[in-house]
Amino acid sequence: MARSFWAFLAIVHPVLAETVLGPQCQAYLARKSLESPSELAAELEKQDIGGMCSLRAEGDNEYAPDPEPGIPGATDTSELACRHGNPSLYDNGGACCGWRPHFNWVISTCEENDKLSTSNFCRVPDCVKEGSPKINYVAAYQFNGSHFVLLNESTAGELSADGVSGSFHNGTGFERVKSNFSWLGGAGDWTSKYAPWGKGRTGPRGVTPPGALWVLSAENFYYAGFYMLSQLNLNMQGAGNPLGTPCWVWEFDPVEGTVGWMPPGKPLPGNLNHLYATNNAAPSGCMPVAYTAAQANGLKRNFSTPRDFQAY
């Protein structure tokens with residue numbers, strides 16, 4: 001029986017952030033004795049990392065996705081350039097400075113390729129990783145303010161007027177088209193990876209505000225990862241980091257653990273969820289880390305999160 005995993009990302013437009021703040025944001029500003037997000041930004045300017053990064057003199061990174069939407073209701077991200085928070089923004093001549101909120105999926109597996117036969121996440125007995133994952137399709141949807149619109153260029157499956165489909169057992173869907181999405185095989189953490197990527201405005205735009213939805217349909221999904229990166233990151237790494245940096249500025253991990261963080265022979269980085277955890281791996285000043293990052297209990301001796309599970 002096919003199972004579906006999905007990830008939804010609601011992205012708050014920064015123009016609204018000055019007037020519509022949630023209780024957590026209000027409490028944070030109160031603890032810092034700040035009156036508004038603008039005062040917080042002014043304080044960040046005083047920090048070595050946190051102040052506004054310098055944009056490239058030659059203009060936008062040529063690997064950045066198109067800020068103008070092709071779907072009515074999707075956000076034009078031209079004015080949403082991120083210039084705060086992540087160390088990557090301050091290096092390599094501003095290659096990553098001004099990245100915009102465009103995101104897309106990555107599937108990582110233990111499939112052998114011409115570069116690697118195994119990897120940090122895949123150092124497990126062959127008998128437990130054979131036959132997984134069995135993926136039917138992966139789909140990306142853009143929210144337009146009223147409903148979700150399928151993004152064909154960011155969807156790995158059989159596309160038709162009815163949407164997307166696929167069957168692992170019949171060799172259709174993801175199995176048939178996955179070679180078109182090959183990305184960064186041989187990285188070392190996972191053996192093989194797949195993602196939508198290209199060069200800048202000619203490649204996938206990814207999913208932007210006001211909301212994103214990704215759907216993974218699979219017969220089984222273990223010893224594999226399903227996570228999201230910025231479209232700029234996907235484009236840069238897919239091209240071999242031509243500007244000297246991958247622009248790893250943000251990551252959200254619906255299905256990925258911690259066992260691959262450390263090389264063989266080193267202590268594992270947690271005491272639970274070594275293979276699966278929902279967390280953030282790369283924080284950004286423009287897209288803060290969610291509380292779920294603590295679920296990995298990374299580099300901690302005692303189990304701390306979630307609290308309801310401590311008794312077990």
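Q: A disulfide is a pair of cysteine sulfur atoms within 2.5 Å; by this rule, what does the count of disulfides come to?
A: This is a predicted model, in which local features need pLDDT of at least 70 and side-chain atom pairs count only at pLDDT 80 or more, while totals for chains, interfaces and linings use all residues. Residues are numbered from 1 along each chain as its sequence is written, and side-chain values use heavy atoms, with hydrogens and water left out. A disulfide is a covalent bond between the sulfur atoms of two cysteines. Under the distance rule, the count of disulfides is three.

Q: How many residues apart in sequence are the parts that Cys 53 and Cys 97 tie together?
A: Helices (H or I, at least four residues) and strands (E, at least two) are DSSP runs, numbered from the N terminus. Cys 53 and Cys 97 are joined by a disulfide with an S to S distance of 2.0 Å. Both cysteines lie in the loop between α3 (37-44) and β2 (103-109), so the parts tied together are apart in sequence by 44 residues.

Q: Is the disulfide of Cys 53 and Cys 97 right-handed or left-handed?
A: The torsion about the S-S bond is about 85 degrees for Cys 53 and Cys 97. The disulfide is therefore right-handed.

Q: What is the torsion about the S-S bond of Cys 110 and Cys 122?
A: Cys 110 and Cys 122 are joined by a disulfide, S to S 2.0 Å. Both residues are in the loop between β2 and α4 (126-129), 12 residues apart. Cys 110 is buried at 11% relative accessible area, as is Cys 122 at 1%. The disulfide is left-handed because its torsion is about -90 degrees.

Q: How many of the residues of β2 are buried?
A: Strand β2 is largely enclosed by the rest of the structure. The reason lies in the count of its buried residues, seven of seven.

Q: Which residue in β9 is the bridge partner of Val 106?
A: Two strands pair if DSSP finds at least two bridges between them. Strand β2 runs antiparallel to β9 (residues 224-230), and seven bridges join them. In β9, the partner of Val 106 is Tyr 227.

Q: What percentage of the 312 residues in the protein is buried?
A: The protein has six helices and 11 strands. Of its 312 residues, the buried share is 44%.

Methods. A disulfide is a pair of cysteine sulfur atoms within 2.5 Å. Buried means under 20% relative accessible area, exposed over 50%, partly exposed in between (1.4 Å probe, protein chains only).
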